Amino acid sequence: MKLPFEINEAIAETRARVRFHYPWWLRPFLMERVGAITIGRRIYVRSGVGEHLHRLLRHELEHVRQINKKGLLRFYILYVVEYLKNVRAGMTSYDAYRNISFERDAYAAEEVPRSVDV
Ligand SMILES: [Zn+2]
């Protein structure tokens, strides 16, 4: 699969592994509209995401960076704790998810290539 330089660079930097199919054991947990998911350094991308692929990869690579920084277990604990805190603050499940600080950073990373060589 041919990817932009900046994404290949991020994959190398984070030592992520990108798979273009969901493994069978993950499928029952995922909704149809979930385009990609990151577990540790493995990024699973649903087949046929088309034009969204690069955005999805930038998003998931940011999660791999976060996981590398925090450690796997700590990342998932902080993620869930923050989600529950948001729900308790009265947010809908979707808003609670979108306002997790890890998600805010990952959505921001979708827009901008991390390093732009001038
Ligand atoms: Zn995310």
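# Reading the terms of a fold

Trainee: Why does Val 80 count as exposed?

Mentor: Val 80 has 11 C-beta neighbours inside 10 Å. A residue is buried if 20 or more other C-beta atoms, placed from the backbone, lie within 10 Å of its own, exposed if 12 or fewer, and partly exposed in between, so Val 80 counts as exposed. This is a predicted model, in which local features need pLDDT of at least 70 and side-chain atom pairs count only at pLDDT 80 or more, whereas totals for chains, interfaces and linings use all residues. Residues are numbered from 1 along each chain as its sequence is written.

Trainee: Where is Val 80 placed?

Mentor: Val 80 is in helix H3; helices (H or I, at least four residues) and strands (E, at least two) are DSSP runs, numbered from the N terminus. Its C-alpha atom is separated by 8.7 Å from that of Ile 100, 20 residues apart along the chain.

Trainee: Why does the span of H3 agree with what its residues should give?

Mentor: The expected span is 1.5 Å times one less than the number of residues. For the 17 residues of H3 (residues 72-88) that should be 24 Å, and the end C-alpha atoms are 25 Å apart, which agrees. Just after H3, Gly 90 has a positive phi of about 105°.

Trainee: What makes H2 and H3 roughly perpendicular?

Mentor: Angles run from 0 to 180 degrees between N-to-C directions, with axes fitted to C-alpha atoms, for helices over the stretch in contact. Under 35 degrees counts as roughly parallel, over 145 as roughly antiparallel, 65 to 115 as roughly perpendicular and the rest as oblique. Helix H2 (residues 53-70) and H3 pack at about 115°, their axes 6 Å apart, and are therefore roughly perpendicular. Their contact (C-beta atoms, placed from the backbone, within 7 Å) involves Gln 66, Ile 67 and Lys 70 of H2, and Leu 72, Arg 74, Phe 75 and Leu 78 of H3.

Trainee: Why are H1 and H2 called roughly parallel?

Mentor: The axes of H1 (residues 5-14) and H2 cross at roughly 20° and come within 10 Å, so the two helices are roughly parallel to each other. Among the residues in contact are Ile 7 and Ala 10 of H1 and Leu 57 and Leu 61 of H2.

Trainee: What makes E2 and E3 a pair?

Mentor: Two strands pair if DSSP finds at least two bridges between them. E2 (residues 36-39) and E3 (residues 42-45) have four, in the antiparallel sense, and Val 45 in E3 is the bridge partner of Ala 36. They form a hairpin with two residues between them, and Gly 40 in the turn has a positive phi of about 65°. E1 and E3 pair in the parallel sense over three bridges.

Trainee: Why do E1 and E2 stand at the edges of the sheet?

Mentor: The open sheet has three strands in the order E1-E3-E2, with mixed pairing. E1 (17-19) and E2 each have a single partner strand, so one side of each is left without a neighbour in the sheet. The twist averages 20° from one strand to the next.

Trainee: What makes Gly 48 exposed?

Mentor: Gly 48 has 9 C-beta neighbours inside 10 Å, so it counts as exposed. Gly 48 is in the loop between E3 and H2.

Technical notes
Two residues are in contact if their C-beta atoms, placed from the backbone, lie within 7 Å.
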